[in-house]
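Let's take a friendly walk through a fold together, from its charged pairs to its strands and helices. Please have the viewer open as you read.

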Amino acid sequence: MKHQQLLVANWKMNGSAELVDSISATLAGITFTGLDVVICPPFTLLHRFAEQRNFALGAQNVSQHSAGAYTGEISAAQLLEANATYVIIGHSERRTLNAETDELIAAKLKAATEAGLTPILCVGETLEQRQQEKTEQVIARQLDAVYASQPELLAKSVIAYEPIWAIGTGESASPEQAQAIHAFIRDHLAQLDSAVASKIKLLYGGSVNGENCSALFAQPDINGALVGGASLKAAEFAQICSSAQE
Ligand code: PEP
């Protein structure tokens with residue numbers, strides 16, 4: 001099945017009003033064909049983007065709670081009000097630095113989907129797990145935790161395979177390595193729900209840049225990318241957008 005491609009920019013704790021303007025101006029010059037683009041800036045910049053634009057907005061985190069005494073948290077409804085329609089959940093930086101567990105991540109997916117946001121669920125292994133040949137086991141566990149919490153959650157999500165050893169390191173997975181895990185993810189999902197497996201978008205993330213993106217996008221089970229560092233450079237991100245449409 002030919003999927004509409006999806007490119008997601010994860011600005012992490014980077015960016016400014018100036019970057020909002022330069023990315024918006026650069027992307028405004030591109031007509032996206034067969035491609036959806038989502039920019040996930042820090043929360044405070046969501047409102048800086050114009051209402052009229054040729055890409056969607058997303059957040060990088062969401063609370064599992066809907067409201068209340070949760071200082072420093074932000075709810076799915078608040079994100080929607082700030083024009084976000086997507087949210088990254090379970091990024092490895094949050095799993096590691098904020099001790100987010102599979103159970104918490106499932107609860108966040110539930111809160112996001114109930115409010116109408118599309119979650120981008122990140123999964124991936126450490127270098128050590130890869131060397132110990134535990135990659136598939138780790139990813140299956142991360143997916144199964146979400147499915148066990150509520151089977152319909154995966155149907156409403158996008159999945160980003162992000163090998164932790166490739167994030168921010170300049171060392172992307174090879175197209176073959178990425179394709180092999182994407183195929184594994186699709187097969188694993190097919191065992192849970194075949195309709196979901198064929199429809200779901202699988203993104204690759206980890207040191208994607210203007211040079212390596214075309215070969216990654218040519219893989220049959222890769223439907224786009226989650227881009228960190230290279231999404232902060234307007235010209236390079238535009239080039240990645242062009243490659244995703246070829
Ligand atoms: C990310 O933050 O999800 C990511 C993939 O970062 P980078 O592209 O910089 O490796």
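Is glutamate 100 buried or exposed? Glutamate 100 is buried, with a relative accessible area of 7%; here buried means under 20%, exposed over 50% and partly exposed in between, for a 1.4 Å probe and protein chains only.

## About the model

This is a predicted model, in which local features need pLDDT of at least 70 and side-chain atom pairs count only at pLDDT 80 or more, while totals for chains, interfaces and linings use all residues. Residues are numbered from 1 along each chain as its sequence is written, and side-chain values use heavy atoms, with hydrogens and water left out.

## Salt bridges

A search of the whole structure turns up nine salt bridges. The term stands for a side-chain nitrogen of Lys or Arg within 4 Å of a carboxyl oxygen of Asp or Glu.

Glutamate 100 has arginine 94 as a salt-bridge partner, and their closest N and O atoms are 2.7 Å apart. Arginine 94 is partly exposed, at 22% relative accessibility, whereas glutamate 100 is buried. Arginine 95 pairs with aspartate 102, with 2.8 Å between the closest N and O atoms. Both of these residues are buried: aspartate 102 has a relative accessible area of 12%, and arginine 95 has 16% relative accessibility.

Another salt bridge joins lysine 233 to glutamate 236, at 3.7 Å from N to O. Lysine 233 is partly exposed at 47% relative accessibility, while glutamate 236 counts as buried at 19%. Elsewhere, Arg94, Glu100 and Lys108 belong to one network, joined by salt bridges that share partners.

## The barrel

How many strands close into the barrel, and in what order? There are eight, running β1-β2-β3-β4-β5-β6-β7-β8, and their pairing is parallel. From one strand to the next, the twist averages 25 degrees; such angles run from 0 to 180 degrees between N-to-C directions, and axes are lines fitted to C-alpha atoms, for helices over the stretch in contact. Strands (E, at least two residues) and helices (H or I, at least four) are DSSP runs, numbered from the N terminus.

For a detailed look, take β3, residues 56–59, which pairs with β4 in the parallel sense over three bridges. Two strands count as paired if DSSP finds at least two bridges between them. Leucine 57 has alanine 84 in β4 as its bridge partner.

Helix α1 (residues 17–28) packs against helix α11 (residues 234–244) at an angle of about 35 degrees, and the two axes are 9 Å apart. Their crossing is right-handed, the term for a near helix turned clockwise from the far one by less than a right angle, with anticlockwise giving left-handed.

Which residues meet here? From α1 come Ser22, Ile23, Thr26 and Leu27, and from α11 come Ala234, Phe237, Ala238 and Cys241; contact means heavy atoms within 4.5 Å. Six of these contact residues are nonpolar, two are polar and none is charged. In this grouping, Ala, Val, Leu, Ile, Met, Phe, Trp, Tyr, Cys and Pro are nonpolar, Asp, Glu, Lys and Arg are charged, and the others, Gly among them, are polar.

## Positive phi in two loops

Most residues other than glycine have a negative phi. Asparagine 83 has a positive one, near 80 degrees, and sits in the loop between α2 (76–81) and β4 (84–89). Asparagine 83 is partly exposed, with a relative accessible area of 21%.

Alanine 99 also has a positive phi, near 50 degrees. Alanine 99 is placed in the loop between α3 (92–97) and α4 (102–115) and counts as exposed at 57% relative accessibility.

Alanine 178 belongs to helix α8, residues 175–192, and is buried with a relative accessible area of 0%. Setting aside residues up to four places away in sequence, alanine 178 touches Tyr161, Ala173, Tyr204, Leu216 and Ile222. Phenylalanine 237 is 59 residues from alanine 178 along the chain, and their C-alpha atoms are separated by 20 Å.

Glutamate 152 lies in helix α7, residues 152–155, and is partly exposed at 41% relative accessibility. Glycine 116 and glutamate 152 are 36 residues apart in sequence, with 13 Å from C-alpha to C-alpha.
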